Amino acid sequence: MWEGRGLWVWLLFLCAALGGVSAVMQKAHRRHLSLHRHRERGKEGQVLHRSKRGWVWNQFFVIEEYTGPDPVLVGRLHSDVDSGDGNIKYILSGEGAGTIFVIDDKTGNIHATKTLDREEQAQYTLTAQAVARDTNKPLEPPSEFIVKVQDINDNPPEFLHGPYYARVPEMSNVGTSVITVTASDADDPTYGNSARLVYSILQGQPYFSVEPQTGVIRTALPNMDREARQEYDVVIQAKDMGGHMGGLSGITEVKITLTDVNDNPPKFPQSVYNMAISEDKVPGEEVGRLKAKDLDLGENGLVEYRFVEGDGMGVLEISKDSETQEAVIKLKRTVDYETKKTYTVKVEASNPHVDSRFMAWGPYKDTATVKVNVEDADEPPVFMLPSYTFEVDENAPSGTPVGRVHAMDTDTSNNPVRYMIPRYTDLGQFFTITPEDGFIKTTQPLDRENQAWHNISVSATEIGGHHQDAKVRVNIKVKDVNDNAPEFATNNEVLVCENVTPGKLIETVSAIDKDEMAHQQHFHFSLAPEAAKNHNFSLKDNRDSTASVYVTRKGFNRMTQSIYMLPIEINDNGSPPMSSTNTLTIRVCSCDSKDTILSCNVEPFVLPAGLSTGALIAILACIVILLAIVVLFVALRRQKKEPLIVFEEEDIRENIITYDDEGGGEEDTEAFDIATLQNPDGANGFLPRKDIKPELQFPLRPGLRPVANSVDVDDFIKTRISDADNDPTAPPYDSIQIYGYEGRGSIAGSLSSLESVTTDSDLDYDYLQSWGPRFRKLADLYGTKDADDNS
């Protein structure tokens, strides 16, 4: 970077020399102008009255970064009125005056005492003025001039935003723009070539190039493959002075990353995969995994799998693990080693997203063959049927055969099988099974009405080997036998009026049977033999499993007999036929003229007939109203009643108690007991009063003495407060303590006007007249009187 440092120092001295020459030229020019003006004055022979200033100077320049031992002469100021006798003094003011720039007040020479940096400040504005040395009176108006700092190449180029990071797709064409880098130079771009930059690449060839004037980085090599190399470190240089020797330079790093494109097909690492699955595995079990590798990333590296062909397509299924991108082969249905021992499928892996620019590079897919071997397993016995259904007659004797289940060992060993019924499926232990051949028998008679179906399980266990077992469902239906007699469907009472007419239908009865009812099964109804000569009621079989009951007499009296029992015999046509006798209860009730039942009990006849239901309701309503009035009256009385006892938290002084007793005069001391006016609690010592004089005087506590008259009022009050707080006889409420104490005198004298009325006073109250209307009353009382006394 500093390869041109020696040349820079040489240029610095050269510029310093040029600055001296410039100063000399400026002096010569000023001298020339000054001589030229004197010549014009002598030629005309008269003094010209000039309206312009008499200053002579040009714009001054000073080279930056000058490091010589002596101050740099910037220039010289001279006025035409300066005759050289030292009567004129030059004054310099403005930016840097007195610190950076100093002036010789006699000669007007301006020197730079410090090293200047154009990058910090490019120019300085100064003001010069010529004044009389003895009076400091301005001889000419002040004028401004500029000192410009002349630039040298002292700042190297800088990349303010480096280091840079860029991305470009792999396989990009040559010349593809990657990124633009920009350097800045603090030197003056308008002066020379100090700020003219040229870019070049120091590291990163032959893969990338940079445009010298713009700094645009482009690809320089075709078919750059990300899978071969992904990142490149490029170094760019910016050099000023147009890139010539002696210029300063700066560098920056650019990290370029190749992004992925789909330019690689998926590929299986091997062409054949061998897998195995045991025959006892259930569908959904994983058989194995395989994965096709794709060198691309992200979406470009996604792979989809499918079966193309093979005899295992019906037995196996394929899916993809989205996390690992692996093909997962699972069992679609069960396999049997004894039936088929090997399955083969062909798996295809392909990219779902293909870039059309690279289609010509070949198919983006690959295939592999998967062979699955079925392994023999010790399988449990297999029943010939998935489930069994048997029937057995109801009430069949114990040991009746129900049916047979059969299972066999499908393994090559073909071991024998032993049967059993798990007890949890046959809690009543209604069945038993022969362990060797699987015959099922009953252990007790079965009742269909209690349980029509028995669902049990039979277990078949392989004898030998690993004792594998299998279970099968056995459903046993109990066939119905006509072993239950019919009975009434409902047992409701039949109500009949006392004045019922003969021949009236009073009830239609029906029957039910716990046994199964066939389509041609019916019930037959008839009166029981003991009721055949009944003259009250008759029965008619309707031949539809119902019967009608009729009244055959007139004039029932419920006072004589209120309930009649009618036995009815019901028969079914089952095999064998069953019959039962059921009793129909008939109750006689009291009815009105419209056959509306009023009552079926005897008690209502003893009630008085004079009161109706409405009258009873009215009486009850009156009773309720009277009770409400009584309750309201009692409540009002309780609200008006005053408490007779003064509670402990109440103050006796807040209540006025009236007594209708008449005293006996001043000499009568026994007619009235004054103790009744006292608080009962206070008389007992619970609430002593502080506003009356207590009968029991407590002695003064040690350490407390009567307060002398000379004690200050503040100390007196504090002492009394302490006594009240510590007094055990103090009341439990706040009270006012009154003390007849007057403090000792005050230097201000008394403010009371009581003494001034009876004694003469020499005070002058005339000043009250000037206190305003608020004190007019006081002024009239005191000021007027004093005026009268004085008169």
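A residue is called buried under 20% relative accessible area, exposed over 50% and partly exposed in between (1.4 Å probe, protein chains only). The structure described here is a predicted model, in which local features need pLDDT of at least 70 and side-chain atom pairs count only at pLDDT 80 or more, while totals for chains, interfaces and linings use all residues. Residues are numbered from 1 along each chain as its sequence is written, and side-chain values use heavy atoms, with hydrogens and water left out.

**Disulfides**

The structure holds 2 disulfides, a disulfide being a pair of cysteine sulfur atoms within 2.5 Å. In general, such a link is a covalent bond between the sulfur atoms of two cysteines.

| Disulfide | S to S | Angle about the S-S bond | Handedness |
|---|---|---|---|
| Cys497–Cys591 | 2.0 Å | -85° | left-handed |
| Cys589–Cys600 | 1.8 Å | 100° | right-handed |

Cys497 lies in strand 32 (residues 494–497) and Cys591 in strand 38 (residues 579–591), so this pair, 94 residues apart, links distant parts of the chain; strands (E, at least two residues) and helices (H or I, at least four) are DSSP runs, numbered from the N terminus. Cys497 is buried, because its relative accessible area is 9%. Cys591 also counts as buried, at 14%.

In the other pair, Cys589 belongs to strand 38, and Cys600 sits in the loop between strand 39 (597–599) and helix 2 (613–640). Cys589 is buried at 0% relative accessible area, and Cys600 counts as buried at 17%. Counting bonded cysteines along the chain, the pattern is 1-3, 2-4. Cys622, at 48% relative accessibility, counts as partly exposed.

**Nonpolar core**

The largest nonpolar core has 24 residues, and Phe268, Leu290, Leu316, Ile329 and Val370 have the most contacts inside it. Such a core is a set of buried Ala, Val, Leu, Ile, Met, Phe, Trp, Tyr and Cys residues joined through side-chain atoms within 4.5 Å. Leu316 touches residues including Val287, Phe307, Ile329 and Val372, not counting residues up to four places away in sequence; contact means heavy atoms within 4.5 Å.

An open sheet of 4 strands has the order 23-30-29-26 and mixed pairing. Strand 23 (387–393) and strand 26 (417–420) each have a single partner strand, so one side of each is left without a neighbour in the sheet. Strand 23 pairs with strand 30 (residues 469–479) in the parallel sense over 7 bridges, where pairing requires at least two bridges found by DSSP. Ser387 has Arg473 of strand 30 as its bridge partner.
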